[in-house]
Amino acid sequence: MSNLQKFSKPVMIIDNRSLQQMVASLLSEAFVTMDTEFVREKTYWPELCLIQIAGKGNVYLLDALAKDIDLSLLLPLLSAPSVTKIFHAAQQDLEIFLHLFGKLPTPVFDTQVAAMVAGFGNQIGYDSLVDSLLGVAIDKSHRFSDWAMRPLTAAQQHYAAADVTYLWDVYQVLLNKLHQTKRFSWVASEIEVLSDPNFFLPPLDKIWKRLRPKTNNRRVLGCLYAIIQWREEEAQKLNIPRQHLVRDESLLAIAAALPDSVKALSRIRGVSQGFADGKEGGALLTVIKAVKNTEVDLLPLPISADQPKKKPSEAIVSLLKVLLQAKCELYQVAPKLVIDSKDIENLALGKTDLPVLTGWRRDVFGQDAIDLCNGKLILGVQDQKIELIKR
């Protein structure tokens, strides 16, 4: 258990002068812990409500909704190279700052990634990590508070402060573990992606793969991809959730029907007459028309044509998964961080251009996986543990 750092009562920051004073005081710190509270149910972009920041002994709650507050005054701290910004599960927090300022905080450290490297499983939550490392149970009753309501209650302020005060100790405990096991570089390589703005782009390809129908009609496939992209751009512009603009099932129906008129569009299930008659409906029909006028050779290929037909041996995949679990138990690292299920199949197919065959992943699992596939390694059981036998 850590000797918990003692913090003063949270200080609410509601004006620019206090914000500037806070930033000036924190610029001398080696690191600060940070978190955000936001609401997103009715908007595409998160509506930032609160920013929590802790330095040594001091914790601040920056009211992002305070009248006339200039959040850009926070930029000197967010960009200070001498001050590491510590988050837990940083992606959503960083996405907010990127949208607000057009740049990402740097340098950053993600304790969720560090915990995966240090043997705490896949994507462990903050509450569980605090309990595991510090022996402290965090009150979860305000997790689903409406952070846009003002004034914030004392209980809300206490809950918000806990997100960064305990994180101060969590970071130092994890940092010690990483240095003792010489794994800090593992975490650094994983966190590097969080400095790339492209990492936070809308997941168009992920949506496309999830919705993509099993059809050979390249016009339908091309239409679906185009209207997925249109919906994303339009939802951003209107700042509404993508599903509030057009639901997924309606996108699939539109792509299949390829409507060429307001009347035809309005007949599709889930598409209202008001939408079809309106500006968005007209724009959507323009996108569909452009797809219809596109040469078929430029449209997406059917699934059967652009995916390899060869399937890996299920037995080899199962052996690789057993090996992965055994090696991750030995190294106390989360399997998800080492390799995903798709690349396990690629390994079984003999592919070599894979992340798991480089760097620390090769040492932990990749080389043994290759040896297993090539018959140079045998899995056995000894004293109720998996034993690796080299041939």
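Let's start with the interface of domain 1 and domain 3. Together they bury about 940 Å² between them. Of that area, 58% is on carbon and sulfur atoms. Keep in mind that this is a predicted model.

Who gives up the area on the domain 1 side? Met116, Trp186 and Glu190 lose the most to domain 3. Together these three make up 50% of what that side buries.

Now the layout. The protein is divided into domain 1, residues 9-198, domain 2, residues 214-296, and domain 3, residues 312-388. The centres of domain 1 and domain 3 are separated by 35 Å, taken over C-alpha atoms. Across the interface, twelve residues of domain 1 are in contact with ten residues of domain 3.

Between domain 1 and domain 3, the count is one salt bridge. Glu190 and Arg361 meet through their side chains in a salt bridge, at 2.6 Å, N to O.

Which elements give two or more residues to the domain 1 side? They are helix 4, residues 111-117, and helix 7, residues 184-191. By class, that side has five nonpolar, five polar and two charged residues.

One last stop, at Thr165. This residue is found in helix 6, which covers residues 154-180. Buried or exposed? Thr165 counts as buried, because its relative accessibility is 12% and the cut-off for buried is under 20%. Leaving aside residues up to four places away in sequence, Thr165 touches Phe7 and Val59.

Terms used:
Residues numbered from 1 in each chain as written. Predicted model: local features only at pLDDT ≥ 70, side-chain atom pairs only at ≥ 80, totals over all residues. Heavy atoms only, no water. Helix = DSSP H or I, 4+ residues; strand = E, 2+ residues; numbered from the N terminus. Buried < 20%, exposed > 50% of the residue type's maximum accessible area, 1.4 Å probe, protein only. Contact = heavy atoms within 4.5 Å. Domains from an automatic or database assignment. Buried area = accessible area lost by both parts, 1.4 Å probe. Salt bridge = Lys/Arg side-chain N within 4 Å of Asp/Glu carboxyl O. Nonpolar A, V, L, I, M, F, W, Y, C, P; charged D, E, K, R; others polar.
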